[in-house]
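Please look over the sequence and the structure shown below before reading on.

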Amino acid sequence: MKKGIIFDMDGTLWDSAPEVVASWNEVIRQSDYQREPLTAEDMQSVMGKTMDVIADILFADLPKEKRMELLDRCGEYENEYLREHGGTLYPKIRQTMEVLKKKYHLYIVSNCQAGYIEAFLDHYKFHDLIEDIECYGNNDKSKGENIALLYQRNQLEDAVYVGDIQGDYDSSRQAGIKFIHAAYGFGTVSEDVPKVHSFEELIEAADKVLN
């Protein structure tokens, strides 16, 4: 039976908020948009949402067209910045994935812009661990739709999504797969679900959920 573990990004594999803020503030500084600099707290509060919703929240006082233009510029520069600088990787990601990969196929699905996951994989050289990826920026589909799409594309027979916020759990339910809460991340999940308090705990948790 082909079994997969599908990872969320922000709050599950890393915290890139300070680096994302630095890159976005540079783009904003070079534009004609006058606003207070973004903070890491601003970015953490919207991580996990689709990019159009993030623009609606952070650039609410701009007309829709200008809002999306600025978002696109921020996303492009952000990908370049993260590919060079990375973010704050949670402890023992590679070591844990290497163990998990002996039993399971590993994937990433995120609500991010196109190129964001690739920048993560390039910076940390994780291409040998992650078999396939999907994101909102590629196809404008919701996280639940993209989890289901990746599941079907890779002909999985069982899978679990690992994420840190309520929306991740809701997306796993939409896709019809199991869920593990990364309780060390940014958010909470109201339902009683399996949870881990560090990434390395996934080795035991995945075995319980997928076996």
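## Helix packing

Helix 1 (residues 17–30) and helix 4 (residues 64–85) pack with their axes 9 Å apart and at an angle of about 130°; here helices (H or I, at least four residues) and strands (E, at least two) are DSSP runs numbered from the N terminus, while axes are lines fitted to C-alpha atoms, for helices over the stretch in contact, with angles running from 0 to 180 degrees between N-to-C directions. Helix 1 is therefore oblique to helix 4, given that angles under 35 degrees count as roughly parallel, over 145 as roughly antiparallel, 65 to 115 as roughly perpendicular and the rest as oblique. The contact (heavy atoms within 4.5 Å) involves residues of helix 1, including Val20, Trp24 and Ile28, and residues of helix 4, among them Leu70, Cys74 and Tyr81. By class, this contact of helix 1 with helix 4 has eleven nonpolar, one polar and four charged residues, where Ala, Val, Leu, Ile, Met, Phe, Trp, Tyr, Cys and Pro count as nonpolar, Asp, Glu, Lys and Arg as charged, and the others, Gly among them, as polar.

The model is a predicted one, in which local features need pLDDT of at least 70 and side-chain atom pairs count only at pLDDT 80 or more, whereas totals for chains, interfaces and linings use all residues. Residues are numbered from 1 along each chain as its sequence is written, and side-chain values use heavy atoms, with hydrogens and water left out.

Another pair is formed by helix 5 (residues 93–100) and helix 10 (residues 202–210), whose axes come within 10 Å and cross at roughly 30°, which means that helix 5 is roughly parallel to helix 10. Their contact is made by Thr96, Val99 and Leu100 of helix 5 together with Leu202, Ile203 and Ala206 of helix 10.

## Cysteines

The structure holds zero disulfides, a disulfide being a pair of cysteine sulfur atoms within 2.5 Å. Cys74 is in none, and the nearest cysteine sulfur, that of Cys112, is 15 Å away. The sulfur of Cys112 has its closest cysteine sulfur in Cys135, at 4.3 Å, which is too far for a bond.

## Accessibility and positive phi

Most residues other than glycine have a negative phi. Lys92, in the loop between strand 3 (88–89) and helix 5, has a positive phi of about 60° although it is not a glycine, and Asp140 likewise has a positive phi of about 60°. The table uses these classes: buried under 20% relative accessible area, exposed over 50%, partly exposed in between (1.4 Å probe, protein chains only).

| Residue | Relative accessible area and class |
|---|---|
| Cys74 | 0%, buried |
| Cys112 | 5%, buried |
| Lys92 | 44%, partly exposed |
| Asp140 | 58%, exposed |
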